[in-house]
Amino acid sequence: MTHTAAQGSPLAPEWLAVPDDLNALHEPMWAGDAARNADGELAIGGIPVSELQRQYGTPLFVMSENDFRARARAFSDAFNNAFADICGGVDVYYAGKSFLCTAVVRWVEEEGLRLDTASGGELAVAYRAGIPGADVALHGNNKSDGEIHRALDMGLGRIVVDSLDELVRVGAIAQGRGEQAKVMLRLTPGVHAHTHEFIATAHEDQKFGLSMAADTTDEAGISAAEEAVAAASADPGIELLGLHCHIGSQIFEPDGFALAAEKLLRFLAAMQEKYSIILPELDLGGGYGIAYTPVDTPRPAAEIANAMAAVVRSTCAELGIDAPRISIEPGRAIVGSTTFTLYEVGTLKTVRVDAPGTSGDGDAGNNVTYPRRYVSVDGGMSDNARPVLYDADYSAVLASRTSSAAPQLSRVVGKHCESGDIVVRDVYLPEDVAAGDLLAVPGTGAYCWALSSNYNYLARPGVVAVRDGSSRLIVRGETEEDLLNRDMGA
């Protein structure tokens, strides 16, 4: 028995419904200036995707500069308003690891945000863009001596230290230079975020941070976090600013953020009481989720801010302490939905897959055959590694035109020599999608270009910024000559 495309398919995951309108754009997944034009073609900032393909080729990351700026301002305004009466506002650090280039650094600075980096390379981008070092933070669980020196050369506003070993190294390097390093201590509050194991970062059994759990094997019985506070306060090479935590990424529920804030505030108060050490700053990290599929429900920045402010306000009042200056680190929540990846369709094939029979399809327990179509595009896991790394779900739309054809369950795949090279695992696309059509995959602003590779010697795509009807490359796409330039020959 076969199954028609218009009925939907039991091969699809439970959350994936057949869209009422295959041509509609689910707004939370897209930049605010993405829309279909009068010809039915997807346009961004008024520029149709066919024009972007003609000018820059595909695959192509297409970013809305206006949307990026608007989301940055939304976080800044929401958190400053929510925390105004608590600590005078919030310092918002854009998490550059999500996507970084010199243009983005300048937008961040112009919108009044600061910048969070995670390597010497990201520091180099920040330096080239000209952002003041005082507005830059450096993360990393294994910073090299060179990276620490670079951070001090640039006069960074904070170095986030992950371990006791690193604390000693940072202090020694700074003291050897006759300086003090401005340090935040990253703690692991033991909060289990509801996200993928590989992007949950506040539980004990992982590489980041200083444990807040008491060490029962040590006679003193104090935690690594407490030991670090005492050591940093006594180190002449360290200026201890405060505490930092980050519970994970792509998190929708506010409970984890609230619990982490409460735990760190109680720890801060305990350090003040036990050692008379006042820690003036507290960074609550980022990890706020975005919509990759129609069922994702991201929280507005104001809702997140108000929930976190309520916890900080009440906890500080209970403990009888002054609230520290709060900072946060949104990355994906600012850049993720600003960008879509534009692909050209190549080969297509339909396979028949057996699934258990259901009511109306045959007797229960009897297999029924359903079609699944494979739609190949001219990119793949080299420009979006997240599906294979994290089982990440994405969506896609036919971008170069509208269609009144019936929906067919499709799997958008790349051109790499890997069966796991899947861009969108399950999506309903029109039956008449054909070679030469353009597909757009929304929500690719974060961790797609940043994780891109040259697997199978594919050149990495460029990134185009669109604003008010004009476009420009902010990251040039690679060429074959770029790939061959590093090959030193026999």
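Predicted model: local features only at pLDDT ≥ 70, side-chain atom pairs only at ≥ 80, totals over all residues.
Local features need pLDDT of at least 70, side-chain atom pairs count only at pLDDT 80 or more, and totals for chains, interfaces and linings use all residues. Residues are numbered from 1 along each chain as its sequence is written, and side-chain values use heavy atoms, without hydrogens and water.

**Exercise 1.** Describe how H2 and H3 pack.

Solution. 
- Locate the helices (DSSP runs of H or I, at least four residues, numbered from the N terminus). H2 spans residues 65-87 and H3 residues 102-110.
- Take the axes (lines fitted to C-alpha atoms over the stretch in contact, with angles from 0 to 180 degrees between N-to-C directions). They come within 10 Å and cross at roughly 40°.
- Classify the angle: under 35 degrees is roughly parallel, over 145 roughly antiparallel, 65 to 115 roughly perpendicular, the rest oblique. H2 and H3 are therefore oblique to each other.
- List the contacts (heavy atoms within 4.5 Å). From H2, Glu-65, Phe-68 and Arg-69 meet Val-104, Trp-107, Val-108 and Glu-110 of H3.

**Exercise 2.** Trace the pairing of S5, S6 and S7.

Solution. 
- Locate the strands (DSSP runs of E, at least two residues). S5 covers residues 90-95 and S6 residues 114-117; S7 covers residues 136-138.
- Check pairing (at least two DSSP bridges between two strands). S5 and S6 are parallel, with three bridges. Tyr-94 lies opposite Leu-115 in S6.
- Move on to S7. Three bridges join S6 to S7, again in parallel. Asp-116 has Ala-137 in S7 as its bridge partner.
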